[in-house]
Amino acid sequence: MSMATKADTTGRAKRRENSESPDLHLADSHDLIRVHGARENNLKDVSVELPKRRLTVFTGVSGSGKSSLVFATIAAESQRMINETYSAFVQGFMPSLARPDVDVMDGLTTAIIVDQERMGSNPRSTVGTATDANAMLRILFSRLGKPHIGSPQAFSFNVASISGAGAVTIERGGQETKERRSFSITGGMCPRCEGRGAVTDFDLTALYDDSKSLNEGALTIPGYSMEGWYGRIFRGCGYFDPDKPIAKFTKKQLQDLLYKPPTKIKVEGVNVTYEGLIPKIQKSFLAKDVDAMQPHIRAFVERAITFATCPDCDGTRLSEGARSSKIKGKNIADVCTMQISDLADWVRGLKEPSVAPLLAGLQHLLDSFTEIGLGYLSLDRPSGTLSGGEAQRTKMIRHLGSSLTDVTYVFDEPTIGLHPHDIQRMNGLLLQLRDKGNTVLVVEHKPEAIAIADHVVDLGPRAGTEGGQVVFEGTVEGLRASDTLTGRHLDDRASLKQSVRTPSGALEVRGADSHNLRGVDVDIPLGMLVVVTGVAGSGKSSLIHGSVSGRDGVVSIDQGAIKGSRRSNPATYTGLLEPIRKAFAKANGVKPALFSSNSEGACPTCNGAGVIYTDLGVMATVESPCEECEGKRFQAEVLEYHLAGRDISEVLAMSVAEAEEFFGSGEARIPAAHKILQRLADVGLGYLSLGQPLTTLSGGERQRLKLATAMADKGDTYVLDEPTTGLHLADVEQLLGLLDRLVDSGKSVIVIEHHQAVMAHADWIIDLGPGAGHDGGRIVFEGRPDDLVSARSTLTGEHLAAYVGT
């Protein structure tokens, strides 16, 4: 029997025959990944058998258990077993992974996970540093750059230039001798901005009112009052007169007030440290993440600190030396600002035999960017500004040219942020990985991506506690014929609106030129559902986030991660717990703080976490339910207080839908809580339990949680960035209904979106393009969806016409 025939036998019966036939080698019979009895999160004893060297798509509504099966079970166990092949010493430096809750796992291969997690927003990280492209360019410039300035690190904006000299004591043969040694490191970091490309400056007028003295309350920094210890230190330090207006300070006195380094002094017999205002603010305020600050402190930081492009390096982050070395008239900063597709052409023009292998590797890397649809990026783009889809495709690049085979690639919705035109390209890449002999597992909702599957696993039937079961396993045709929720909706096609709303006004954008936009002028109609679309990289986000989001009355909801630990849950994040705690306190005549697992009511054994973490050194950390509170997180006496027959832990275990009913009527009626729960149900999160940790939510769930919270704001215009991310076909209808209700209530809704169902449902479409990067940045169509379909003048028009079947 030929190998080709063997590889094509995907049916289980055929496999069984093959394994019994005499000419099949025993080693070739392991062509299944078997999972039996998976119980991670909401999975209910799931058993599946997945064919190897095939493309398997996992589908089902958001929250049905797809990620629990693919990531938390199959991929997690594969990674754990690979980690266990290292010595205990090496494992001590690696993240410790617990074994997933599953009975049997068989036939696993090495798993490579390509997820949607945003890349770290470290200000020093760029697309170039995250993908090794910069490392290769630095070697290239250190070899070919004229004049030669040093090793590759002389071109790195993360390496500072330092030098030093001094005597060292060396012991040789029992004798100590002293020798003079000197060293120097030539780095590429700009000394002024320390390789960040921007400098921070303090607006001194926001720190103090110089017409007043310190005793008259000159300082306007939050928390710096003259009543407490600050007042004692300023009065007792002796560096300046606290009754003298700051405007009359000498240069030395002003320097001491603002910049003096930490100095030990004695005030009223107490040893204290005096420090100038600016270093103190830098330590106390600027070291924190802006999003984590309290609102009044954030307002102060935004008022007092200005970020400007570094005047020495002009934002390139590089020292003068690094910018002076050139190849063909371009320095390393010039090539990093080029669009990657142009940079690939520039590298192709370099013919230098001495570095031929390096040029070939760099060429392949840059071409992979273009092939995957990211040719419009530049290498100096900060990695924190990439969208979830762009970050995922950037991670894919290192696997495209890999010569590994028989690997399991695991993708989490690879079509996120992709125009229908780009989805075809992504499908091609997934099939290319499969055809090299790899197993490809994809979690996906888009029908275009499900269509290419060799094998489909549909989970459901619903979400949360009503999900976690395999409702269908087989081919795409079989899924279509099945009566599952996915099967019924697979061929759904939204039709174009017969009549569109009339605008109530317009939001004017003039001369928008951020990133790749070319002086765009556009009037965005208000009082309508407006969809902004175009291929990935055409300038949609630049237009909306750059020119619309910051305006008064505009509420912007993006896909960024929610700030919150495993102690945060939907109830704490949305403010729902506040009225519930007060109602419990009122009904029982006690303090509200008792009903918080992060405050006085917390179980003392587990500190309100509900689980005990046992660190076993190099072995996996064991997470076990707290025996004292049985995972309920509260002290026993708190659970004796009831509201309408339920204690606080039972309320947190309810789903949104149950809680909406519970708090809607009877003695548990809390209008404030009911209103928040209604909004959560409206955005399709009825299945979430109120106490589920935020860290376990998917990207789409997080965005819809933000949307539910933002709906309470007083904004007139909502900006949504791809709200269909992570939504099942059946949930898209519900989302469209919600958007309609928002518009009908007098709001304006602007959606950045690629999903054809949302485009067809729009009142007005703004299409950017025609291509990505410098081939985009222009408006190629604005008008009604039916006009876009009949004109078919753009890529979006062609795909939308094919979708609605005209």
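In which sense, left-handed or right-handed, does H13 pass H14 in its crossing? H13 passes H14 in a left-handed crossing, a term that applies when the near helix is turned anticlockwise from the far one by less than a right angle, with right-handed standing for clockwise. The structure is a predicted model, in which local features need pLDDT of at least 70 and side-chain atom pairs count only at pLDDT 80 or more, while totals for chains, interfaces and linings use all residues. Residues are numbered from 1 along each chain as its sequence is written, and side-chain values use heavy atoms, with hydrogens and water left out. Helices (H or I, at least four residues) and strands (E, at least two) are DSSP runs numbered from the N terminus.

**Packing against H14**

- Helix H13 (residues 340–348) packs with helix H14 (residues 356–371) at an angle of about 155 degrees, their axes lying 9 Å apart; axes are lines fitted to C-alpha atoms, for helices over the stretch in contact, and angles run from 0 to 180 degrees between N-to-C directions.
- That angle makes H13 roughly antiparallel to H14, the word used for angles over 145 degrees.
- On the H13 side the contact (heavy atoms within 4.5 Å) includes Ile-340, Leu-343 and Val-347, and on the H14 side it includes Leu-359, Leu-362 and Phe-369.
- The residues of the contact of H13 with H14 divide into eight nonpolar, three polar and two charged, where Ala, Val, Leu, Ile, Met, Phe, Trp, Tyr, Cys and Pro count as nonpolar, Asp, Glu, Lys and Arg as charged, and the others, Gly among them, as polar.
- Helix H6 (residues 133–144) packs with H14 at an angle of about 150 degrees, with axes 10 Å apart, and H6 and H14 are therefore roughly antiparallel to each other.
- H6 passes H14 in a left-handed crossing, and its contact with H14 divides into nine nonpolar residues, one polar and no charged.

**Helix H15**

- Helix H15 (residues 388–400) is largely enclosed by the rest of the structure, because 11 of its 13 residues are buried, meaning under 20% relative accessible area with a 1.4 Å probe and protein chains only.
- Among the buried residues of H15 are Glu-390, Arg-393 and His-399, and what covers the buried residues includes strand E5 (111–114), H14, strand E12 (408–412) and helix H16 (420–435).

**Helix H25**

- The buried residues of H25 include Ile-676, Arg-679 and Leu-680.
- H25 is followed by Gly-684, whose phi is positive, near 85 degrees.

Definitions and conventions. Parallel < 35°, antiparallel > 145°, perpendicular 65-115°, else oblique. Buried < 20%, exposed > 50% of the residue type's maximum accessible area, 1.4 Å probe, protein only.
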